[in-house]
Amino acid sequence: QSARALAVCQLAPVVPVLVIDDLAHAAPLAQALVKGGLPALEVTLRTPCALDAIRAMAEVAGGVVGAGTLLTRADVKAAKEAGATFGVSPGATDALLDACAEFELPLLPGAVTASEVMRLLERGYTVQKFFPAEQSGGAAFLKSIGSPIPQVRFCPTGGISLRNAADYLSLKNILCVGGSWVAPKEAMAAGNWEAITTLAAEARALRD
Ligand code: 3PG
């Protein structure tokens, strides 16, 4: 179930979480992040141009583009049609998991309690998102849950930045972290793609 999510999470220590307001930003943003060493890109379905942004970014060489904020079957269908090669969801429902199976979209599903982690594990998800990470107990929680449930590995997201990413990445059950800090709104608005490449390179260097 999680083979594709595992491969995506192993590409780099950080998966950028992207909120794209202007379609024109999509391609240069993807190029800047790939150039900095972050090939896996999560485009959140939170803005009107998100699906078109996925289409544009899917053309960028070296990028591996997924759709985030998947909540419904319709989101899954639209993400797949736009060319997303993986999906990310803040939590998980049976309807959403069924939709990902129906449309063959590999999913990184969100969980935040031991029971949620176990329910996803029952359905074969050994790679999960932990969201919102900092607000839900952070690295200390993930370290603890690794004792009884070591077979699940995580991509924590939410409140993570260069400041605290290493706390997570040092844990055995963490594959990578997700975060929006590598693509600040101001840099995108200013077309400052070099700044974004620098942020990506710093993030990439969290693990060598
Ligand atoms: C999100 O879905 O918004 C992500 O968790 C990103 O969180 P961040 O903005 O705190 O990095």
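The crossing of H2 and H3 is right-handed; a crossing counts as right-handed if the near helix is turned clockwise from the far one by less than a right angle, and as left-handed if anticlockwise. The model is predicted, and local features need pLDDT of at least 70, side-chain atom pairs count only at pLDDT 80 or more, while totals for chains, interfaces and linings use all residues. Residues are numbered from 1 along each chain as its sequence is written.

Helix H2 (residues 26-36) packs with helix H3 (residues 50-57) at an angle of about 55°, and their axes are 8 Å apart. Axes are lines fitted to C-alpha atoms, for helices over the stretch in contact, with angles from 0 to 180 degrees between N-to-C directions. The angle makes H2 oblique to H3; under 35 degrees is roughly parallel, over 145 roughly antiparallel, 65 to 115 roughly perpendicular and the rest oblique. Helices (H or I, at least four residues) and strands (E, at least two) are DSSP runs, numbered from the N terminus.

On the H2 side the contact is made by Ala26, Ala27 and Ala30, and on the H3 side by Ala53, Ala56 and Met57. Contact requires C-beta atoms, placed from the backbone, within 7 Å. These contact residues comprise six nonpolar, no polar and no charged. Here Ala, Val, Leu, Ile, Met, Phe, Trp, Tyr, Cys and Pro count as nonpolar, Asp, Glu, Lys and Arg as charged, and the others, Gly among them, as polar.

| S5-S4-S3-S2-S1-S9 | parallel | S5 (107-108), S9 (177-179) |

Strands pair if DSSP finds at least two bridges between them. In the six-strand sheet, two bridges join strand S1 (residues 14-18) to strand S2 (residues 40-44), and Val17 stands opposite Glu42 in S2. H3 packs on this sheet, touching S2 and strand S3 (64-68), and its direction makes about 160° with that of S2.

Phe130 in S7 is the bridge partner of Ala111.

Terms used:
Contact = placed C-beta atoms within 7 Å.
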